[in-house]
Amino acid sequence: MGTFTPVEALDLDATAAAFGLPAVRRAAPLWAGTINSNFRLDTDAGAFFLRVNEGKREDEVAYEAALVAHLAEDGVPTPRPVASGDRPFARVGGRLLTLFPWVEGEHRRGPEVRAGDARAVGRALARLHLAPPFPERRESRYRFSNIMARFQSVKGLLPADEADDLALALEALAGRAPLPTGIIHGDLFPDNVLFEGDRLVALLDFEQASDGAFAYDLAVTLLAFCFDDDFVAERARSLVAGYAAERPLAAAERAGLWDEARVAAVRFTLTRLTDVEHNPAASPELRRAKDYRRFLARLRRLEAMGNEGLAALTG
């Protein structure tokens, strides 16, 4: 949905050399993502996914690439970054590049997501949470204090009823209890999962990965895969059941899932407001696809159903 670096600006010969590839025969932009520029590269050694990491520091790119390599080593279904010398990324022409083997598969969104797909996503997320500890710690850029600060900076852009709903939710969530933590994906949406037939073949895009509450990560995924115009009960139960089959939820995590889902709904309402709705570089197509009101609708539905309602929905 966005390409910020045009393909003409890439030095494809230098890029191929940096990653030890033969010459690039074709480079095609991929219209997905809101932050980076992504391309498919076709070479005699096969196809590859190239990401131009827009506006990031080298330590951020290095963390993500090293984490993905760590997870792939433990069997999490995610493609391992292609090495450039002794590093899992490269700097070419002043741009930080990450390269991955191309994975064939399809994204499933909305009504395309079947109960079996949701179960597979839940199982894959749990396996990620069960991976051995990653030695580098990274605090989430979307920790609660940052969400609060973002709301304060943008509440004047919102209609009064929307601002009031967000303010009330944030006030209620400020004192929620801590839950078990570790490495989380943070952004497991349909665009970041690939299926082939009945199989989940890849989890993608770990740029939001950080330390965080496992229940929060499950809540993000629940909101992403199990809500169309309302929650889809069969999908929601299947996703949580798939997760629990691999990593049983502690009682506190079950009890806290409603709070974590509300935090997630507020977060994506605010980030879509700032990064898309009020971003002059965002295209009309991107604004339609990433409308912040869709996550405000999730928040309002969660508030209406309450903790007991979400517990009944997810089984």
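This is a predicted model: local features need pLDDT of at least 70, side-chain atom pairs count only at pLDDT 80 or more; totals for chains, interfaces and linings use all residues.
Let's start with the helices. Two packed helices are described by the angle between their axes and the distance between the axes. For helix 4 (residues 144-154) and helix 8 (residues 251-277), the angle is about 45° and the axes sit 10 Å apart. Angles under 35 degrees would count as roughly parallel, and 65 to 115 as roughly perpendicular, so helix 4 and helix 8 are oblique to each other. Their crossing is left-handed.

Now zoom in on who touches whom. On the helix 4 side, the contact is made by F144, I147, R150, F151 and V154. Helix 8 answers with V263, V266, R267, L270, T271, L273, T274 and D275. Sort those residues by class and you get eight nonpolar, two polar and three charged.

Next, turn to the second largest pocket, which has a volume of about 360 Å³. Both helices turn up again here: helix 4 and helix 8 each supply at least two residues of the lining, and so do strand 6 (181-184) and strand 9 (210-213). Strand 9 gives the largest share, with four residues.

By class, the lining of the pocket comes out as 10 nonpolar, six polar and six charged residues.

Conventions:
Residues are numbered from 1 along each chain as its sequence is written. Side-chain values use heavy atoms; hydrogens and water are left out. Axes are lines fitted to C-alpha atoms, for helices over the stretch in contact, and angles run from 0 to 180 degrees between N-to-C directions. Angles under 35 degrees count as roughly parallel, over 145 as roughly antiparallel, 65 to 115 as roughly perpendicular and the rest as oblique. A crossing is left-handed if the near helix is turned anticlockwise from the far one by less than a right angle, and right-handed if clockwise. Contact means heavy atoms within 4.5 Å. Ala, Val, Leu, Ile, Met, Phe, Trp, Tyr, Cys and Pro count as nonpolar, Asp, Glu, Lys and Arg as charged, and the others, Gly among them, as polar. On a 1 Å grid over the protein atoms alone, a cavity is a set of points where a 1.4 Å probe fits but cannot get out, and a pocket is an open set with protein on both sides within 12 Å along at least five of seven lines; lining residues have an atom within 4 Å of a point. Grid points are joined across faces, edges and corners, and a volume is the space filled by probe spheres set on the points.
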